[in-house]
Amino acid sequence: MLEQIRIVLVNTSHTGNIGSAARAMKTMGLGDLCLVDPVSPPDGQAVALAAGASDILANARIVPTLAEAVADCGLVIGTSARSRTWSWPMLDAREAGEKAMAEAPRHRVALVFGRERTGLSNEELQQCHYHVAIPANPEYSSLNLAMAVQTLSYEVRMAWLARDSHPVAEQEYPLSADLERFYAHLEQTLLDTGFIIKPHPGQVMTKLRRLFNRARPESHELNILRGILTSVQRRQKQRESNS
């Protein structure tokens, strides 16, 4: 099940941090690394700091966007060290490890880490089902990237070692790519009906994303919602053609 866990690093500035993160992963038995728009691809410094985990660097996938990195994942957990305008369902590090391992038998799980200085953007965090914060010393909470990766990878491994005491999730959840298609469908339907005005969309979609991410609709429930949207669009087109 550890093979189902993907570590995603977004727009990492220093290649040494990529290597250190790979080392942290390998010590905990994780091997799936995805780099989103790194400032530089892994180089000699990354290999040196990987300290024997160069195979993870060699197999790392580099993609331009977070959406592409998590498209095939059914659970996406993003790291966040600060409060945001719109609160999202929060986990601590232990809960994140347990949640990841509970769902790993069903689908891939992504643990997403942001930029060294600024973390993940609000838009990127909105692509995550949950946010996780490591409860470090509030007087000195300066965790570097590799430390954060090590902490969450450790919690995943501990949950894996204790997996016999955790029930396997029976629900089938949609992949991240399916959710993004649903959000695009929902937004287009709201535009078609006039609920959202394109020049002034406001925060409607942000709030709806938060609602559905909190609710975690299962795959069959998402299909029902897509069917409802299609029905609304069909009726809207009929009205427009008859007017």
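This report describes aromatic contacts and a surface patch in a predicted model.

## Basis

Residues are numbered from 1 along each chain as its sequence is written, and side-chain values use heavy atoms, without hydrogens and water. Because the model is predicted, local features need pLDDT of at least 70 and side-chain atom pairs count only at pLDDT 80 or more, while totals for chains, interfaces and linings use all residues.

## Aromatic pairs

The whole structure holds 2 aromatic pairs (rings of Phe, Tyr and Trp, the last by its six-membered ring, with centres within 6.5 Å; planes under 30 degrees apart are stacked, over 60 edge-to-face, the rest tilted). Phe182 and Tyr183 make a tilted pair, with 5.5 Å centre to centre and 50 degrees between the planes. Phe182 and Phe212 make an edge-to-face pair, at 5.0 Å and 85 degrees. Phe182 is in helix 8 (residues 176–192) and Phe212 in helix 9 (residues 204–215), so this pair ties together parts 30 residues apart in sequence (helices are DSSP runs of H or I, at least four residues, numbered from the N terminus).

Phe182, Tyr183 and Phe212 form one aromatic cluster. Phe182 counts as buried because its relative accessibility is 2% (buried is under 20% relative accessible area, exposed over 50%, partly exposed in between, with a 1.4 Å probe and protein chains only). Tyr183 at 3% and Phe212 at 16% also count as buried.

## Surface patch

Tyr154, Met158 and Leu161 make a nonpolar surface patch of about 280 Å² (patch residues have over 30% relative accessible area and no salt bridge; like charges are joined within 9 Å, nonpolar side chains, Val, Leu, Ile, Met, Phe, Trp and Tyr, within 5 Å; a salt bridge is a side-chain nitrogen of Lys or Arg within 4 Å of a carboxyl oxygen of Asp or Glu; areas come from the Shrake-Rupley method with a 1.4 Å probe, and for residues only the protein chains shown count as cover). Met158 lies in helix 7 (residues 145–161) and, at 38% relative accessibility, counts as partly exposed.

Definitions and conventions: Helix = DSSP H or I, 4+ residues; strand = E, 2+ residues; numbered from the N terminus.
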